[in-house]
Amino acid sequence: MKRTGAAGNRGPDIRSDCYFEIELTDSGGIQMDIRSKVDRLFGTENRQLIRDMLDFFDIPNAKVILEDSGALSFVMMARIEAAVKKVTDTNKEYLPELIPENRYSTQRDRYRRSRLYLPGNTPKLFINAGLHQSDGIILDLEDSVAPAKKDEARMLVRNALRRNDFYGTERMVRINQHSRGLKDLEFVVPQHVNLILMPKCESADQLVAADLKIQGILTSHQLDYPVYLMPIIESAKGIMNAYSIACASENVVALAIGLEDYTADLGIQRTPEGKETFFARNVIVNAARAAGIQAIDSVFSDVADQDGLRTVVKESKSLGFEGMGCIHPRQVPIIHETFAPGDSEIEKAKKIVTAFYEAEEKGLGVVALGSKMIDPPVVKRAQKTISLAIDAGKLAKNWSKSYGN
Amino acid sequence: MATKLVKNALGRLVPTEINGKKQIPFQGVGKYRPDYRKYNLPVATCADFPTGNKLIVDLKTALEAAGLRDGMTISTHHHFRNGDLLAVEIFRIASELGIKDLVWFPSASFPCHAEIIDYMENGTVHHIEGSMNGPLGRYCSEGKMKGVGVLRSHGGRYQAVQDGEVQIDIAVIAAPTADPFGNANGLTGPSACGLLGFALADSQYAHKVIVVTDNLIDFPCIPWQIQGNYVDYVVKMDKIGEPEKIVSGTTRITKSPDRLLIAELTTRLCREAGLIKNGFSFQAGAGGTSLAIAYYFGQIMREKNIKARFARGGSNQYLVKMLEEGLVDYILDGQTFDLEGVRSMRENPGHVDTSPFTSYNYHGKGNFAPLVDIVILGATEVDIHFNANVNTHSDGYLLHGIGGWQNCLFSKTVILPIPLFRDRIPVIRNEVTTITGPGELIDVIVTERGIAINPNRQDLLDALKKTRLPIKPIEQLKIEAEKICGIPEKPNLGEEIVAIIKWVDGTVIDAVRRVIPL
């Protein structure tokens, strides 16, 4: 093992993060060099944390440097632990409290219109992420984290899942590929994570392996809550196997597509019109529908182009997708607004749902609207339309009370 | 020097004497009534200005002619903001002349004035009465200044000059354009900044007035925002400011999603409380969040065909656009923050320059702050009684001047859109480090995690009862912030008072203690 290790970020543009460096020494106890912009307000607490953690990891002698840009304590804990783990071989984890606000599970078929990507090693973006009311947030361990930062991001994401309030959004983590991804699961599954995004899926085996691993972790920690899977298909091969991937496990609740990698795999340019990905997107929608799960579209990467985003979401909805990735909170309201049902859709749904309730009240087995019979899936879709309309603020919660009067 | 301390009406311990002058503790809003007469000057005579040409060869000569000597009070103004070159030049000259113990009385100081620390170190400057931040704030906070700093609002500064609380010996007014008679304005020239309102009191009440310009034109300089009849000397210099630091090329709405969220909540609150209506008025500053709020106001006004009677500046490109679009009838401007503001003031009769006398002075027959319906302000900290601090950082260091902040508190609805915490520092606290403004005048705190409404605004609470806005008791917001950040330690402050904070009526609302360096 090395004698020195460091983790975290520093520099003039860094906020809500810190950099921690440790050098093991043979004597002299713990020597601290602390540079903190909040030292006058949190200096005592920070020093105590360092002492407690080094004690926890059985390090009696070390020189440490802390450069603190206002890191919250769960962030600082992750940075200290990551640095310590570069100089000692230990399986111990120094965990912040799992706050009660984060002990919730989500439903298989809840809305997944928007999921906000948060780079997994950038804590300042975590803190307010839940306030922007996306249906889900994704703590990303994959492409947005530099290879050298992958290990420390795991601990940061783990701590964030425990201690950072995400205000009821579905808490998702995008893990890495292959064996690193399976290792990622050990860090995040015990923290009441709701959903795992699996990047670059090409075959059902990958899902089966991940699911097995997840169930194993839950069992060994004596935990019992659903951890759903959302495979992201990003290659030609993945598209060809989409249906079997969608059916790989009962925990797969949605199938997503990643178009940047997909077009790269095909060796073509991604265009705004998207003709080149039309087939792939249809396959995803079709495979998802066939498996009874949600189809989720790729991200729209030009944050400034809100009109462009609106156009893309409209098309996405018309193809049968039920959600999209977001790379910026400002995209969330536009996505929700556009995925919300239109006025005529809502009117039609109100008629169908009302007819359904009337039939139920009268004890009729068959729902009819005028002379037309209504099938159960149509009723179900109408109910979904109604709840989406209510959520988007386009319909009052108690709409049925005043309906028809 | 042991100063006697008394508890003022807000329970803050404040000194009864500062820099050898008696001080009156804050007595409550509207409670203190002056019983003295305004300050006045000896009568001047035209016999001393027979040709009306007041040009003098250079600044040094002008200062000497004005009688510069030890212990004088010298005033300058901040209409060049961080691009001001003049203030430092004055004290450089004074230092060369071996002058000691001057009092610098700026309308605000900026980081560009850091060199004045050298002149405090060598004894040229005794102390500063004006806002201090950056290096000057640090210097004063650590107790290195010989005298005690005095911080006043823009209106309070006018009041102090008018009442004779501060007697200015020499006022040096930087003028983007001037004529040899001393008429001056801020509308044109390489250092154009819009208006010179902050210098009005000084022009009227200083013993000697020097106008310094880098754009001398033939008489008459029109409009004469500063009237030459008050002016003793005019100096032409090559350069008095750095244009790119005087006004920004363009002010910009924030792109931060968190701050936009706060701006959206603020706008929704104003809309749902029925405050945005025909003939209303508002003030929003030049910060990114304030700009976003003004922009959102504009959207609502366009949508609902609402016109505002006036907007209170600091003006900026967004406000100018609203004026030109006819969404507001007038901009009553205190300072222009970008080039569009300067252009508009030059070209548009509906864009009016104002001074702290008309807008903010508390010792007059009214001012127009109470005529503004909605005012958007910032704060470093707010306590659970809505008292707010804009002057010191939570670690005790002087951070900001008061500006027009205290004066604006008299507007009908005062809203503070602020993040619940900055970095790791909670903004809503049990107690603020310094009280700049009393909670009874602060109506609403809007944070990204909820809105607190002052219980004394039952009308607002009633109007918003049925909305989906996240209205919470202020104590709850405080607890949420502490849950996320932890509870900060008390800053390590000494007993010694390094600055006092004046209320709009000249009484002392709080005192700033020395920060003990780590």
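Q: In this predicted model, how far apart do the C-alpha centres of domain 1 and domain 2 of chain B lie?
A: The C-alpha centres of domain 1 and domain 2 of chain B lie 32 Å apart. Domain 1 covers 53–129 + 166–246, and domain 2 covers 257–490, according to the domain assignment of chain B.

Q: What makes domain 1 and domain 2 of chain B count as being in contact?
A: Two residues are in contact if their C-beta atoms lie within 7 Å. By that rule, 13 residues of domain 1 of chain B are in contact with 15 residues of domain 2 of chain B. On the side of domain 1 that touches domain 2, eight residues are nonpolar, five are polar and none is charged.

Q: Why are strand 5 and strand 8 of chain B said to stand at the edges?
A: The open sheet has seven strands in the order 5-14-13-10-6-7-8 (chain B), with parallel pairing. Strand 5 (55–56) and strand 8 (125–128) of chain B each have a single partner strand, so one side of each has no neighbour in the sheet.

Q: How do you know that strand 6 and strand 7 of chain B pair?
A: Strands pair if there are at least two bridges between them. Strand 6 (residues 73–76) and strand 7 (residues 102–106) of chain B run parallel and are joined by four bridges, so they meet the cut-off of at least two. B:Thr76 has B:Pro106 in strand 7 as its bridge partner. Helix 2 (residues 86–96) of chain B packs on the sheet, and its direction makes about 155 degrees with that of strand 6 of chain B.

Q: Which residues of helix 12 of chain A are called buried, and what does the word require?
A: A buried residue has 20 or more other C-beta atoms within 10 Å of its own. In helix 12 (residues 331–339) of chain A, A:Gln331, A:Val332, A:Ile335, A:His336, A:Thr338 and A:Phe339 are buried. Their cover includes strand 5 (114–119), helix 11 (306–319) and strand 12 (323–326) of chain A.

Q: Which residues have the most contacts inside the largest nonpolar core?
A: They are A:Leu255 and B:Ile173, in a core of 275 residues. Helix 2 (residues 73–87) of chain A gives the largest share of this core, nine residues. Beyond its neighbours within four places in sequence, A:Leu255 is in contact with residues including A:Pro231, A:Ile233 and A:Ile296.

Q: How many residues does each chain bring to the contact between chain A and chain B?
A: Chain B brings 18 residues and chain A brings 21. Helix 8 of chain B gives the most to the side of chain B that touches chain A, with three residues.

Definitions and conventions. Residues are numbered from 1 along each chain as its sequence is written. Chains are lettered from A and ligands numbered from 1 in the order in which they are written. This is a predicted model: local features need pLDDT of at least 70, side-chain atom pairs count only at pLDDT 80 or more; totals for chains, interfaces and linings use all residues. Domain bounds come from an automatic or database domain assignment. Ala, Val, Leu, Ile, Met, Phe, Trp, Tyr, Cys and Pro count as nonpolar, Asp, Glu, Lys and Arg as charged, and the others, Gly among them, as polar. A residue is buried if 20 or more other C-beta atoms lie within 10 Å of its own, exposed if 12 or fewer, and partly exposed in between; C-beta atoms are placed from the backbone. Helices (H or I, at least four residues) and strands (E, at least two) are DSSP runs, numbered from the N terminus. A nonpolar core is a set of buried Ala, Val, Leu, Ile, Met, Phe, Trp, Tyr and Cys residues joined through C-beta atoms within 7 Å. Axes are lines fitted to C-alpha atoms, for helices over the stretch in contact, and angles run from 0 to 180 degrees between N-to-C directions.
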